[in-house]
Amino acid sequence: MSHRVERDSMGEVHVPQNALYGAQTQRAADNFKISGTRFSREFIEALGTVKRSAARVNRELGTLEPQVADAIIEAAGEVVEGTLDGEFVLDIFQTGSGTSTNMNANEVIANRATALLQARDAKAPRIHPNDHVNFGQSSNDTIPTAIRIAAVRQVSSHLIPAMEHLRETFLTRAKDLGDVVKTGRTHLMDAMPVTLAQEFGGYARQMELGAARLRSALERLCELPQGGTAVGTGVNTHPEFGARFAKEAAEFTGLPFREAADHFEAQSTIDAPVELSGQLKTIAVGLIKIANDLRWMNSGPYGGLGEVELVPIHPGSSIMPGKVNPVIEESVVMVAIQVIGNDAAVTVAGQTGNFELNVALPVTAHNLLESIKILGNACVNLADRSVAKLTPKRERIADRVGRNPILVTALNPEIGYDRAAAIAKKAYAEGRPLLDVALEMTDLPEERLKELLDPALLT
């Protein structure tokens, strides 16, 4: 591979000939050969949004010449669109402020903007990554801002719609299955009957509350640190830059961004991302509950509950022919496990830093955005490939609920707890219908007993 020589404040660096990035990016690529995991498309899009918005504001403020600002805006737009993703080559495990990736963006945009500018005017000056692209900015406010922009955008456009889709799917199926009365369970033991509609309605409410939690967290996340520069004081930038930047970012994305109320808080902590991560964990925990309920209901076909049949979409075993497993639910559980692990990483990251700067920003960005992405994908997959297509085993459910001795609970007001318990134990021990035993052990008329023990009426 041919190389060119680039120079920075530390000396000469050999950079691939055709790369748009420069010396500082190459140094970071050499220094941080850790995981091979790069920043996500969503984060790079947000970083391009930051650079584009900053250039537009600096043009308005007169701190960048119009032709320079316009070229930066055009090049940053290509970063937003994803056409320059191959130039973002750095590992997420790097300098804790994300300075290397900020410089990666500055160098790529500077070189691309220079090419665009000189294509129109061969005598045009080169655009500098620090003096022009990074003007009025610091990695210390740029990377936290990009995290927030990316997270708000992805939660709003991807995760919340996915959760609402899963919620609506459960509600639709609840309407379809409102007449299916099944055995309720507490402690995994038979309890009073419920309908599938009631259970599915509970799952739908979990998704509704999860989305509400996300919207609440986004309120804090919409405060942007940009404008605080190095330590929160706003040194080397225009005093109006922060407010104007937030307005520009809001107009470009259609999201309600605003300047941070306190730049020292917004820049020295990642409390808002930590809060969002905690809500993602809450949603993950709820999805584990839902997925495991569906797995239990589907268990069998002969040795388990066998209350519903999940659509067979994938062979379940490499050795047992014909075996079909609840693979969609299992994938949801694994997504949730990953999200819980990601939250642990973000929680520790939130404690990592002193005074004016958090120094675990890249790993925060990676884990937070991964959680948003995979949770949204899992919700859609669960809705479309499982919940929408499952079928209840009505005869098996009816047989089981009719034999449930716990139905005797309905007799408590008529005959008391102790006599009801004796009826339940006798029916279970002898494997007889509860109605038959109750007729023998009480003076209640058969019609009254049928009414009291009707599973549907007990839901």
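Predicted model: local features only at pLDDT ≥ 70, side-chain atom pairs only at ≥ 80, totals over all residues.
Residues are numbered from 1 along each chain as its sequence is written, and side-chain values use heavy atoms, with hydrogens and water left out. Local features need pLDDT of at least 70 and side-chain atom pairs count only at pLDDT 80 or more, while totals for chains, interfaces and linings use all residues.

Pockets were searched for on a 1 Å grid over the protein atoms alone; a pocket is an open set of points where a 1.4 Å probe fits, with protein on both sides within 12 Å along at least five of seven lines. The largest pocket has a volume of about 460 Å³. Volume here is the space filled by probe spheres set on the points, which are joined across faces, edges and corners. The lining of the largest pocket (residues with an atom within 4 Å of a point) comprises 20 residues. N404, P405, I406, A424 and Y428 lie nearest the centre. Two elements give two or more residues each: β4 (189-195) and α15 (417-430). Helices (H or I, at least four residues) and strands (E, at least two) are DSSP runs, numbered from the N terminus. α15 gives the most, with 7 residues. By class, the lining has 12 nonpolar, 4 polar and 4 charged residues.

The second largest pocket has a volume of about 400 Å³. Its lining holds 22 residues, with N298, G300, P301, V324 and N325 nearest the centre. α10 (271-298), β7 (308-309) and α11 (327-350) each supply at least two. The largest share, 3 residues, comes from α11. This lining divides into 10 nonpolar, 6 polar and 6 charged residues. Ala, Val, Leu, Ile, Met, Phe, Trp, Tyr, Cys and Pro count as nonpolar, Asp, Glu, Lys and Arg as charged, and the others, Gly among them, as polar.

The whole structure contains 33 salt bridges (a side-chain nitrogen of Lys or Arg within 4 Å of a carboxyl oxygen of Asp or Glu). One of them joins E45 and R153 at 3.4 Å, N to O. E45 sits in helix α2 (residues 41-61) and R153 in helix α6 (residues 139-176), 108 residues apart. R153 is buried, at 12% relative accessibility. Buried means under 20% relative accessible area, exposed over 50%, and partly exposed in between (1.4 Å probe, protein chains only).

E164 pairs with R215, the closest N and O atoms being 2.6 Å apart. This pair links helix α6 to helix α7 (residues 196-221), across 51 residues. E164 is partly exposed at 35%, and R215 is partly exposed at 43%. Salt bridges that share partners also join R167, E168, R205 and E208 into one network.
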